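Please look over the sequence and the 3D model below before reading on. The report then goes through selected parts of the model one by one.

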Amino acid sequence: MRLSKRLKAISEFIDNNDKIIDIGCDHALLDIYLCNEFDNIKIIASDIHEGALKNARNNIEKYKVQDKISLRLGDGLSIVNTDEIDTILISGMGFRTIKDILSNTEKMINVNKIVVQSNTDVVKLRKFVIKQGYKITREKLVKDDDIIYTIIEFKKGKEAYSYDEIYFGPRLLDNKDDLFYEYYSKKLLKYENLLLQLPKYEVKSKLHHKKLIRIIRRTLIIK
Ligand SMILES: C[S@@+](CC[C@H](N)C(=O)[O-])C[C@H]1O[C@@H](n2cnc3c(N)ncnc32)[C@H](O)[C@@H]1O
């Protein structure tokens with residue numbers, strides 16, 4: 001089965017004994033792939049849209065993994081019991097939706113691991129999940145169809161982070177690879193152009209962008 005580079009990279013954050021809920025599974029291709037990779041895995045694949053779940057059901061039957069995946073229709077964590085999961089997987093959604101889903105803390109008492117790939121506001125995502133009582137244990141950038149995505153693994157626990165660590169990702173800063181330089185060079189260019197276009201009265205926004213430009217330059221070691 002062929003999986004996109006993005007979903008393949010997300011799959012590498014999953015372990016054999018994880019009790020997973022994949023929220024917003026859509027086609028469930030990631031879950032089917034995981035079932036083929038791991039013998040012990042149990043997955044609840046959920047989606048808020050019936051059409052998506054129908055697609056998922058067809059794929060699950062096609063690949064004959066019905067015994068390992070339980071399909072559920074509904075919003076976020078509402079369709080799960082606390083003792084059924086210890087790992088949350090969310091990918092391909094925006095930060096606001098992810099934040100709503102991960103605000104249901106009553107359902108997260110046994111959740112030790114959260115793997116997230118948000119399409120927007122990765123910095124806000126880091127701040128929010130840390131506030132929920134998790135620390136950042138792994139991060140990876142992946143380029144798929146010319147878009148660079150950030151995948152973050154959180155585990156229960158506390159860790160203090162600097163401004164730069166929240167902005168760039170502490171684990172990405174630990175190990176800056178070529179994609180890191182590509183990703184933040186592009187951001188730097190974007191912010192420099194934006195700064196030139198911002199009108200004088202946008203004082204706050206100008207200051208904010210100047211700060212970002214400064215820290216990106218410092219991190220990429222550009223004079
Ligand atoms: C763009 S798809 C991403 C599919 C897959 N996770 C991926 O990364 O390719 C987002 C899916 O999330 C579902 N979704 C959006 N909000 C949701 C929510 N609150 N609870 C469950 N599913 C949701 C949508 O119906 C859609 O199928």
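This is a predicted model: local features need pLDDT of at least 70, side-chain atom pairs count only at pLDDT 80 or more; totals for chains, interfaces and linings use all residues.

Residues are numbered from 1 along each chain as its sequence is written, and side-chain values use heavy atoms, with hydrogens and water left out.

**Domains**

The protein is assigned domain 1 (5-159) and domain 2 (180-220); such bounds come from an automatic or database domain assignment. Between the C-alpha centres of domain 1 and domain 2 the distance is 32 Å.

**The ligand**

Around the ligand there are 18 residues, and the closest are R6, G24, D47, D75 and S91. By type, the shell holds six nonpolar, eight polar and four charged residues. Here Ala, Val, Leu, Ile, Met, Phe, Trp, Tyr, Cys and Pro count as nonpolar, Asp, Glu, Lys and Arg as charged, and the others, Gly among them, as polar.

The table lists polar contacts, meaning pairs of N or O atoms within 3.5 Å; within protein, one must be able to donate a hydrogen and the other to accept it, and residues adjacent in sequence count only if both atoms are side-chain atoms.

| Protein atom | Ligand atom | Distance |
|---|---|---|
| H49, side chain | oxygen | 2.8 Å |
| D75, side chain | nitrogen | 2.7 Å |
| G76, backbone | nitrogen | 2.9 Å |

Taken alone, the ligand exposes 600 Å², of which the protein buries 81%; these areas come from the Shrake-Rupley method with a 1.4 Å probe. Two or more residues of the shell come from each of α1, β4 and α4 (95-101). The largest share, three residues, is given by β4. Helices (H or I, at least four residues) and strands (E, at least two) are DSSP runs, numbered from the N terminus.

**T87 in strand β4**

T87 is part of β4. T87 counts as buried because its relative accessibility is 1%; the word means under 20% relative accessible area, with exposed over 50% and partly exposed in between (1.4 Å probe, protein chains only). Its side chain makes a polar contact of 2.8 Å with the side chain of D86.

**Helix α2 and C35**

Which residues of helix α2 (residues 29-37) are buried? They are L30, D31, I32, Y33, L34 and C35. These residues pack against α1 (5-11), β1 (19-23), β2 (42-47), α3 (50-62), β3 (69-73) and β4 (87-93).

C35 counts as buried because its relative accessibility is 3%. Leaving aside neighbours within four places in sequence, C35 is in contact (heavy atoms within 4.5 Å) with I41, I43, V65, K68 and I69. The C-alpha atom of C35 is 27 Å from that of T105, 70 residues apart along the chain.

**Helix α5 and R126**

In helix α5 (residues 122-131), the buried residues are V122, L125, R126, F128, V129 and I130. Their cover includes α4, β5 (113-118), β6 (134-144), β7 (147-156), α6 (163-168) and α7 (170-174). After α5 comes G133, with a positive phi near 100 degrees.

R126 counts as buried because its relative accessibility is 1%. The side chain of R126 makes a polar contact with the side chain of E139, at 2.8 Å. Not counting residues up to four places away in sequence, R126 touches residues including I136, T150, F154, Y167 and L172.

Methods
A residue is near a molecule or strand if one of its heavy atoms lies within 4 Å of it.
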